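Subject: Structure handover

Hi,

Here is the structure I promised to pass along. Have a look at it first, and then read on for what turned up.

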Amino acid sequence: MNKEQLMEKFTADINIVSARCLRIFSYFLLIYYLYFALVLHINIPRLSIILGISFVIAMFPTIVVNGFKKTEKIYTKHFIIFAAVAIMTIMITDFQRYAFALILFPLLISALYFNRTFVLYTAMLTSLGILISSFIQNHFSEHLMYSKNLFTGDAYLEMAIPNIIIVSVLSIITYFVVNTNSNYINKNIDTAITMVNNEKGLIFALSEISENKSKLTGEHIKRVSEYMRVMAKAAGFDDDYSDKLATAAMAHDIGKLMISEEILDKPTRLTDEEYQIMKNHVLYGDALLEKCPGEILHLARIMAKEHHEKWDGTGYLGMKGEEIAFISRMIAVCDVFDALTAERLYKKGWSLDDAYKEIVRCSGKDFDPEVVELFIDNFDKIKAIHDSMPDKQIY
């Protein structure tokens, strides 16, 4: 995930929080309604209309974000700010001094986005809302909640200008606060991206060393990586996590670095002793990655250790069922399928159809039935990957 994608995800998360803030504010409107109706005995029909409209506006961003799943759309944050400004304008127009504190509400929401330009944009909208409110109070006061205006003179002079000055000063303060936090966040994002890229680079390097240690110069790790990406997306993981799993999958055989070439490239069947040594590559992989920091390397460690486990408990380490991590159950299918179809010094590769039938046959025995279903549903994509990445010639 690059910086632009991270920022989009960051904004999407803030959209969710902002919509939640407006939803919480809608509960405040209900309390407001009870106070004015029961304590101040304000005109109930008028009160119901004003607070009802404000309530609907406050709830609508939640519908957009949660109902229509528009969290990542660029217009969502603008829609949320428009809603906050609209509520502020309605409230200060009709409730006047009882709602003046709400001129801060849009600025508080905009500060969540850590975007300096967005703060100034919100301040302009807020000032416009104050001017509209003043205009209505000057020319249509008889239609407001309070038929007698609370101001003795021109509402522009007594309400609009002072509040616009307050908004301007607060927007400048917010600007500098957001600027500081934005710089800090950008540095953290750059650091996070660098760390992820370093993790990927390390895995690529180790995987290439592991693969090239053997004379079997196939594209095994690349195909398994892409199979894993397909399976991860089919399982419902997002693109970012699927990419991490695909990268981590390249290191599933990293433990073979500790196995001698004589055993790795032996053209005949391994002896029992040699087979026991070969089986230890899962423990070597676990040990090699044990103290490596970072999420991708952590995922790689899990798969390196568990990719030879079987659903019925007959794998290398005897883990069974859900004791095996789900990502390890997925890579087990990917790894075995590719191993079956790949040509090696000691065997011919199976046909894709035969390998497919073997995976299906072993469902519930070697493999998690749920993962096999994902494999079946996405077999066309897996075949396309296999055909696009043929093995190099084996000498």
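Predicted model: local features only at pLDDT ≥ 70, side-chain atom pairs only at ≥ 80, totals over all residues.

Residues are numbered from 1 along each chain as its sequence is written, and side-chain values use heavy atoms, with hydrogens and water left out.

The whole chain

You'll find 16 helices and zero strands (DSSP runs numbered from the N terminus, H or I of at least four residues for helices, E of at least two for strands). There are 395 residues, and 44% of them count as buried (under 20% relative accessible area, with exposed over 50% and partly exposed in between, using a 1.4 Å probe and protein chains only). Among contacts (heavy atoms within 4.5 Å) with a separation of 6 or more, 71% come from residues 24 or more positions apart.

The α7/α16 pair

The axes of α7 (residues 220-234) and α16 (residues 379-388) come within 10 Å and cross at roughly 160°; these axes are lines fitted to C-alpha atoms over the stretch in contact, with angles running from 0 to 180 degrees between N-to-C directions. The two helices are therefore roughly antiparallel (over 145 degrees; under 35 is roughly parallel, 65 to 115 roughly perpendicular, the rest oblique). On the α7 side, R223, E226, Y227, V230 and M231 meet K381, I382, I385 and H386 of α16. That set divides into five nonpolar, one polar and three charged residues (nonpolar is Ala, Val, Leu, Ile, Met, Phe, Trp, Tyr, Cys and Pro; charged is Asp, Glu, Lys and Arg; the others, Gly among them, are polar).

Two loop residues

F114 sits in the loop between α4 (105-111) and α5 (116-139). Its phi is near 50°, a positive value in a residue other than glycine. Most residues other than glycine have a negative phi. With a relative accessible area of 25%, F114 is partly exposed.

S363 belongs to the loop between α14 (352-361) and α15 (369-377). S363 counts as partly exposed because its relative accessibility is 29%. Neighbours within four places in sequence aside, S363 is in contact with P369 and V372. From S363 to E373 is 10 residues in sequence and 8.8 Å in space, C-alpha to C-alpha.

Cheers
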